[in-house]
Amino acid sequence: MSRNTFDLKICIAGAGMGGLTAALALAKRGFRHIEVYEAASNLGFVGAGIQLAPNMARIQDALGVWKEIEKDAVVLEEASIREGADDFELSTVDVRGVRAKYGYASMVGHRASLAAALYEGCKAHRSAITFHFATSVSSVTSFSPHVTFTAVPRDESLQPCTITADIFLACDGVKSIARASLLNALNYSAHAQDTGQAAYRIMLTREQMSQDPELLELLDGNRFTRWIGPKRHIIAYPVSGKSIYNISTLQPDTSFAAAPSATYTTKGSKSAMMDVYGDFCPKVQRMLNLVPQNEVCEWKLRVHARLPTWVYGNLALVGDACHPTLPHLNQGAAQAIEDAAVLAVTLSHLKDGSSKSVNEALRAYETVRKERAETLVELAAANGRAMHLSDADEEARAERDDQFKALREGGGSGVSLPSPDKSVDGQEKAVGEKEEETPGVEQSLLSDARALMSFWCVHLSIYASTARRQHLSGTIDNKH
Ligand SMILES: Cc1cc2nc3c(=O)[nH]c(=O)nc-3n(C[C@H](O)[C@H](O)[C@H](O)COP(=O)(O)OP(=O)(O)OC[C@H]3O[C@@H](n4cnc5c(N)ncnc54)[C@H](O)[C@@H]3O)c2cc1C
């Protein structure tokens, strides 16, 4: 017996980038019963910046929230790659051509602005979307014909409750409980993997930087700066209308290795941070020294082995829950957002409300997304290795630095010249492959998703192998 597909109850675990985008995209497509469970008591994102790649911007624009995000985002004009030790500029890449090539400029912003815009977008659909903050999904106990899970309120005076959904989207991040339940049901053993790397995330205000003209120049510029050193780097750029300078670092993890933490975040020690970057140039030292003693926040970076599947019954994993991505390509959130947009397309083409149809739509989502996201996970890891080469990797490091030199001497014409730092050279693989393809890769994914849903699953396996090849080579045929 078929039900109106738009009345299906969709539960989402996690109100991060993937969860918020999924809720909004589904509501915009007409779904009327969306429940979002978020463990945190609000959207109080850790103070951090985020690079807003064009493939992310195009989706947010289609969802009607980009104008709000763009208001206090900073347009980048160049990326400067420097030796950490002496501030020597290895190369500079002109990124002003990104807008002409991809339709949206290379931009950076504050995570809170991105989350707030998405949340406001959701609130405009308040009859369709209900948020349950301070409520964790603790386990998933069945997957079809309905998904059953337990929701546990943080307030201990409230009882945990068992909830049944027609569709469950696990957007609960790298520590995903839903992923653990799915793998357990499949009798597949896989865990989040330690990368041996940790990150400090810092935000300095204009006031904190005001006494240092050299630092103020960084804040007032339209520049992304990366200082690199053996096994470490620092990335910095202005956000929030240039009122804040965002800094994120990456270095070998010692704090968490010494004191494992379930949360993957900890208050770091300022003196330990100053020691890690003790051989970096005075400008970097002065910048780090501005961080107040008790405001050093350190993150442990985790990844996950490729999963055999992202879908089981009526449950699908989304974003970091299924493809946690190291920050070396600035694509983790962008990929979670692409996942959400594709899911909204496949689910809105359900032929009926049966569990079989839901599973087919979720498998179509996986077919369209898995290969691309996993390719970007690998590219991000490779970029990190290239940027962190040490003296022990003498040959590879010399080769990389020769490429930087060629780029420098070639005038840093940016988007058309390859840079060894793949996070700043236009991100061809991530954003789009071809000059003439202004709609971008993610638009092709969405039209693939629509096309796949009209083929239904009879064709799914035939399509899957072709789609994977095409996404890898970046030559997606929209006529499918
Ligand atoms: C240092 C650093 C820099 C980065 N820079 C960039 C960048 O510039 N550009 C970019 O695109 N990406 C970047 N990323 C990656 C990006 O942050 C992640 O890939 C992205 O946030 C993933 O989104 P998500 O929605 O899948 O997960 P998350 O954003 O982690 O959201 C998961 C949500 O689920 C909630 N949750 C967890 N467990 C439960 C539960 N059991 N029940 C209910 N709720 C739960 C969490 O509280 C959270 O709100 C960076 C990452 C790091 C570490």
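# Why do we call it that? A talk about this predicted model

Tutor: Among contacts in the protein between residues at least 6 apart in sequence, 75% join residues at least 24 apart. Keep in mind that this is a predicted model.

Student: What makes two residues count as a contact here?

Tutor: Their C-beta atoms, placed from the backbone, must lie within 7 Å. By that test, and leaving aside neighbours within four places in sequence, Ala27 is in contact with Ile34, Cys122, His125, Ala128 and Ile129. Take His125: 98 residues separate it from Ala27 in sequence, yet their C-alpha atoms are 6.6 Å apart in space.

Student: Where is Ala27 found, and why is it called buried?

Tutor: Ala27 is in helix H1. A residue is buried if 20 or more other C-beta atoms lie within 10 Å of its own. Ala27 has 23 such neighbours, so it counts as buried.

Student: How do you know whether Ser357 is buried or exposed?

Tutor: We use the same cut-off of 20. Ser357 has 21 other C-beta atoms within 10 Å, and therefore it is buried. This residue belongs to helix H13, residues 355-387. Ser357 touches Leu350, Lys351 and Asp352, not counting residues up to four places away in sequence. Leu347 is ten residues from Ser357 along the chain, and their C-alpha atoms are separated by 9.1 Å.

Student: Why is Gln208 called partly exposed?

Tutor: Buried needs 20 or more neighbours, and exposed means 12 or fewer. Gln208 has 17 C-beta neighbours inside 10 Å, so it counts as partly exposed. You will find Gln208 in helix H7, residues 206-209. Its C-alpha atom is 6.7 Å from that of Leu290, 82 residues away along the chain.

Student: What makes helix H2 mostly covered?

Tutor: Seven of the nine residues of H2 (residues 54-62) are buried. They are Pro54, Asn55, Met56, Ala57, Arg58, Ile59 and Gln60. After H2 comes Gly64, with a positive phi near 85 degrees. For the whole protein, 50% of the 480 residues count as buried.

Student: Which residues does Leu315 touch?

Tutor: Not counting residues up to four places away in sequence, Leu315 touches Val140, Phe143, Val147, Phe168, Ala170, Ala178 and Leu182.

Student: Let's turn to the ligand. Which residues come nearest to it?

Tutor: Of the 36 residues around the ligand, Gly14, Gly16, Gly173, Gly319 and Gly332 come nearest. The largest share of the shell, four residues, comes from H12. By class, the shell has 18 nonpolar, 13 polar and five charged residues. Domain 1 and domain 2 both contribute to the shell around the ligand, so it lies between them.

Student: How do you know that E5 and E6 pair?

Tutor: Pairing needs at least two bridges. Five bridges join E5 (residues 78-83) to E6 (residues 89-94), and the two strands run antiparallel. For instance, Ser80 has Thr92 in E6 as its bridge partner. The two strands form a hairpin with five residues between them, and in the turn Asp87 has a positive phi of about 65 degrees.

Student: What makes E3 and E4 edge strands?

Tutor: They belong to an open sheet of three strands in the order E3-E7-E4, with antiparallel pairing. E3 and E4 (74-75) each have a single partner strand, so one side of each is left without a neighbour in the sheet. E4 and E7 (residues 107-110) are joined over two bridges, and Val75 stands opposite Met107 in E7.

Notes: Residues numbered from 1 in each chain as written. Predicted model: local features only at pLDDT ≥ 70, side-chain atom pairs only at ≥ 80, totals over all residues. Near = placed C-beta within 6 Å. Nonpolar A, V, L, I, M, F, W, Y, C, P; charged D, E, K, R; others polar. Domains from an automatic or database assignment.
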